[in-house]
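Trainee: Could you please take a close look at the aromatic rings and explain how they are arranged?

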Amino acid sequence: MAKAIDKALTYKNLLNLKENQSTFEDANEDAVFIKSDRKYYKILFGDIRFIEALKDYVVIYTRTNKLITAMNLKTMHQKLPAHIFVRVSKSYLINLSFIDSFDNHTIYIDKFEIPIGEIFREQFLSNIQAGYCKIVCTVL
């Protein structure tokens, strides 16, 4: 219930924003600049835990805070490195390195539970398997 209330309040705040012209600057090798709240923030890819879509906005959850910017999730996904970020549902992109655990329907990142969409499940599992193989094969 608290999660739903928090999400509703976040969405309400988005609708009340006077200046919603937030943008996304092209990514360099390890970071991206995001415009949020009339400032550009440099965000390292390694600091982004996951990204959540809220209508025409995305909420970027980093290690230390969250930023809201006017952009859709598809555009955000196209700008980020595919070997780090994977789309796992219509509403979420995740950084593979932050996964604590997962089951057939949910990914756990810290205290957050991120649903795995049915149409994204197979791709997610193949990305996990490919990443795991690289780690294990390198160690062996």
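Mentor: A residue is called buried under 20% relative accessible area, exposed over 50% and partly exposed in between (1.4 Å probe, protein chains only). The model is predicted, so local features need pLDDT of at least 70 and side-chain atom pairs pLDDT 80 or more, while totals for chains, interfaces and linings use all residues. Residues are numbered from 1 along each chain as its sequence is written, and side-chain values use heavy atoms, without hydrogens and water.

There are six aromatic pairs in the structure (rings of Phe, Tyr and Trp, the latter by its six-membered ring, with centres within 6.5 Å; planes under 30 degrees apart are stacked, over 60 edge-to-face, the rest tilted). In one of them, the ring centres of Phe50 and Tyr92 lie 6.1 Å apart with planes at 50°, so this pair is tilted. The pair joins distant parts of the chain, for Phe50 belongs to strand β3 (residues 48-54) and Tyr92 to strand β7 (residues 92-95), 42 residues apart. Phe50 is buried at 2% relative accessible area, and Tyr92 is buried at 8%. Phe50 and Tyr92 also belong to a cluster that ring pairs form with Tyr61 and Phe112.

Another pair consists of Phe102 and Phe124: their centres are 5.2 Å apart and their planes stand at 85°, so the pair is edge-to-face. Phe102 lies in strand β8 and Phe124 in helix α3 (residues 121-139), 22 residues apart (helices are DSSP runs of H or I with at least four residues, strands of E with at least two, numbered from the N terminus). Phe124 is buried, with a relative accessible area of 0%, whereas Phe102 is partly exposed at 35%.
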